[in-house]
Amino acid sequence: ARRNVWLGFPANGLYLLSYFIILIELQVDQPQFFSMGAAALGLLQHYLLTRAGSKTGTFIMGMLSQLTLLGTTYIQMANTEQLIYFVVLFFQSIAVLFYGLVIRSRSLTFTPIAFVVLGVITVLYTALKGLNTVVLIGCTGMILLTLGILAVLMRERITKLGERLSDWKA
């Protein structure tokens, strides 16, 4: 019973509930603060599940915690169209990415990168909203074509990187 990590879920639930009550009593209305606490507890539980060797539980907790953290920030960024939320999304992604690299978890390295790319595309789309759609799609196509040619030229390095990442945990 002492090594059963699953017994930590009720305790984390109580910590999260008390954190939410404190935020409500302090009259905090930004969803960002609520998601940070939930994601921090989720990453703590992810670490404990990693140490216990539960692959499925580790993957689910990792994905839920980072989607809670990064998803909330992205939605706030898209709704408010304020650049500060992109900065927050960037630094949160860096923190999750660093944790994923230390733990050697693929799911915690690729998702933050995807959220930053999605955030950059959203910010660029918002900034370039007035441009003609054809010009915007044409520039995007040229950039993707250039990246595709670059990937073909660097396929040996990409293959070696894939081999190095293949021994990482889920």
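The model is predicted: local features need pLDDT of at least 70, side-chain atom pairs count only at pLDDT 80 or more, and totals for chains, interfaces and linings use all residues. Residues are numbered from 1 along each chain as its sequence is written, and side-chain values use heavy atoms, without hydrogens and water.

**Exercise 1.** Work out how helices α2 and α4 are oriented to each other, and what their contact is made of.

Step 1. Take the geometry. Helix α2 (residues 31-52) and helix α4 (residues 83-103) pack at about 5°, and their axes are 12 Å apart.

Step 2. Classify the angle. Under 35 degrees counts as roughly parallel, so α2 and α4 are roughly parallel.

Step 3. List the contact (heavy atoms within 4.5 Å). From α2 come Q32, M36, L43, H46, Y47 and T50; from α4 come V88, Q92, Y99 and I103.

Step 4. Sort these residues. Six are nonpolar, four polar and none charged.

**Exercise 2.** Classify the ring pairs F20–F34 and F90–F91, and the exposure of each residue.

Step 1. Recall the cut-offs. Rings pair if their centres lie within 6.5 Å; planes under 30 degrees apart are stacked, over 60 edge-to-face, the rest tilted.

Step 2. Take F20 and F34. Their centres are 5.3 Å apart and their planes at 55°, so this pair is tilted. F20 lies in helix α1 (residues 8-25) and F34 in helix α2, 14 residues apart.

Step 3. Take F90 and F91. With centres 5.6 Å apart and planes at 70°, this pair is edge-to-face.

Step 4. Assign exposure (buried under 20% relative accessible area, exposed over 50%, partly exposed in between; 1.4 Å probe, protein chains only). F34 is buried at 18%. F20 is partly exposed at 26%, as is F90 at 34%. F91 is exposed at 55%.

Conventions: Axes fitted to C-alpha atoms, helices over the stretch in contact; angles between N-to-C directions. Helix = DSSP H or I, 4+ residues; strand = E, 2+ residues; numbered from the N terminus. Parallel < 35°, antiparallel > 145°, perpendicular 65-115°, else oblique. Nonpolar A, V, L, I, M, F, W, Y, C, P; charged D, E, K, R; others polar. Phe/Tyr/Trp six-rings, centres within 6.5 Å; stacked < 30°, edge-to-face > 60°.
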